[in-house]
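Please describe this chain in a short report.

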Amino acid sequence: MRIHPFEFTLEHYQAYASIRQAAHPESPLNLAGLKHLDQTRAEGDLLERFLVEQNGQVVGMLEYATPYYDPKPGALEVQYYLRPEAQNLQAQLWDFLLERLTPHQPQELWAQVRENWPEYRFWLEQGFTEVERRWPSVLDLAAFDPTPLVRPLPPGIALASLSELPWQEEGFLRALYELEIELLGDVPAAEPITPWPFEVWQKRTLEDPNLLPEGFFVALEGERLVGVSMLFKSHRPQTLQTGLTGVRKSHRRKGLALALKLRAAAFAKAYGARYIRTSNHQANRPMLAINEAMGFVKEPATVFLRLSPVPQRPG
Ligand SMILES: CC(C)(COP(=O)(O)OP(=O)(O)OC[C@H]1O[C@@H](n2cnc3c(N)ncnc32)[C@H](O)[C@@H]1OP(=O)(O)O)[C@@H](O)C(=O)NCCC(=O)NCCS
């Protein structure tokens, strides 16, 4: 076995995608999304990725990095994927990771895996413990009838897509950022998130190759943004991916989130998509209630795992 650094070339990205395809065909790598994440890393973020070769064939990848969505100081996120025939390399990869990690002195390691993947069992065996779960779920638009769910909007509220708004102007973007940060703070999660600074959010959002301004909806009361629900393009065929849905506390239980999601579903259908995917914390009863009412079907959960303290392994 040989482990060598990932070079961020097309060839290495394709090797990564083929490993992921072999390891988890139901959950292929979002190649464009990954490149975008890599290119919009914040200053000071750590990102070390490697490819694993055996008998001259690339059979796996592994990495440790500052958690992208929640860059908490002292935390590093780890992941690995191995082709099914190379699963027996897990323990060697773990030794390699610990040696490489030790100089960075992380206080905790995070991993995110589906509950039905072999990586889940492996991380548990290394002492990782479960923090929380999310349910990925999917709505088949071919079988979806919104009619029984439609209600009139409350007076004074309008829905609009980004493409209908001055979404490239700084003033608007600052208001959207403020709304998203407020709502992210309200998402029920085991720990509060560390929000991205405005400039990082702006770059990551506006330059996202999957951004779809026509499928990104906000609820407005006059000029004030009070809610949001967004769809992104997806690497999965015939699919759009939901981002954040949220409504300010002052405007909840008036049917705004449902109205935004129904508007997004109507857009998806007109766009020619067959499926909408989303992912929700298992503790998020309000959001799950809406998705269940719409007919989203749950898949095996994504489990968030943590290891602390991190074993020291001087090289
Ligand atoms: C989840 C959230 C978006 C719901 O917004 P909302 O505008 O209040 O939801 P709606 O008014 O459209 O609710 C529609 C239906 O969903 C269900 N529902 C909504 N909130 C609920 C709650 N707190 N408890 C139980 N059911 C709830 C109800 O059936 C409701 O219909 P009803 O009010 O006639 O009973 C809002 O609570 C929120 O912004 N939460 C924080 C952000 C978040 O967690 N987003 C999801 C991240 S993936």
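## Strand β9 and its partners

Glu221 sits opposite Arg224 of β9. The model is predicted. Strand β8 (residues 216-221) runs antiparallel to β9, and 6 bridges join the two. Together β8 and β9 make a hairpin with 2 residues between them. Gly222 lies in that turn and has a positive phi of about 65 degrees.

On to the next pairing. β9 also pairs with strand β10 (residues 239-247), again in the antiparallel sense. Ser229 has Thr245 in β10 as its bridge partner. This hairpin has 5 residues between the strands, and Gln238 takes a positive phi near 55 degrees.

| Pair | Sense | Bridges |
|---|---|---|
| β8 and β9 | antiparallel | 6 bridges |
| β9 and β10 | antiparallel | 6 bridges |

How enclosed is strand β9 by the rest of the structure? Of its 10 residues (224-233), 8 are buried, so β9 is largely enclosed.

## The whole chain

The chain holds 8 helices and 13 strands. Its radius of gyration is 21 Å, close to the 20 Å that the globule rule gives for 315 residues, so the chain is as compact as a globular protein of that length. The C-alpha atoms fill a box of roughly 65 × 40 × 35 Å along the principal axes.

Of the 315 residues, 50% count as buried. Among contacts between residues at least 6 apart in sequence, 71% join residues at least 24 apart.

The accessible surface comes to about 15100 Å², and carbon and sulfur atoms account for 52% of that. There are 33 positive and 38 negative side chains; the centres of the two sets lie 5 Å apart.

Note on methods. Residues numbered from 1 in each chain as written. Predicted model: local features only at pLDDT ≥ 70, side-chain atom pairs only at ≥ 80, totals over all residues. Heavy atoms only, no water. Helix = DSSP H or I, 4+ residues; strand = E, 2+ residues; numbered from the N terminus. Rg over C-alpha atoms; globule rule 2.2 N^0.38 Å. Buried < 20%, exposed > 50% of the residue type's maximum accessible area, 1.4 Å probe, protein only. Contact = heavy atoms within 4.5 Å. Areas by Shrake-Rupley, 256 points an atom, 1.4 Å probe, with all protein chains shown as cover. Lys, Arg positive; Asp, Glu negative; His and termini not counted. Charge placed at Lys NZ, Arg CZ, Asp CG, Glu CD. Pairing = 2+ DSSP bridges.
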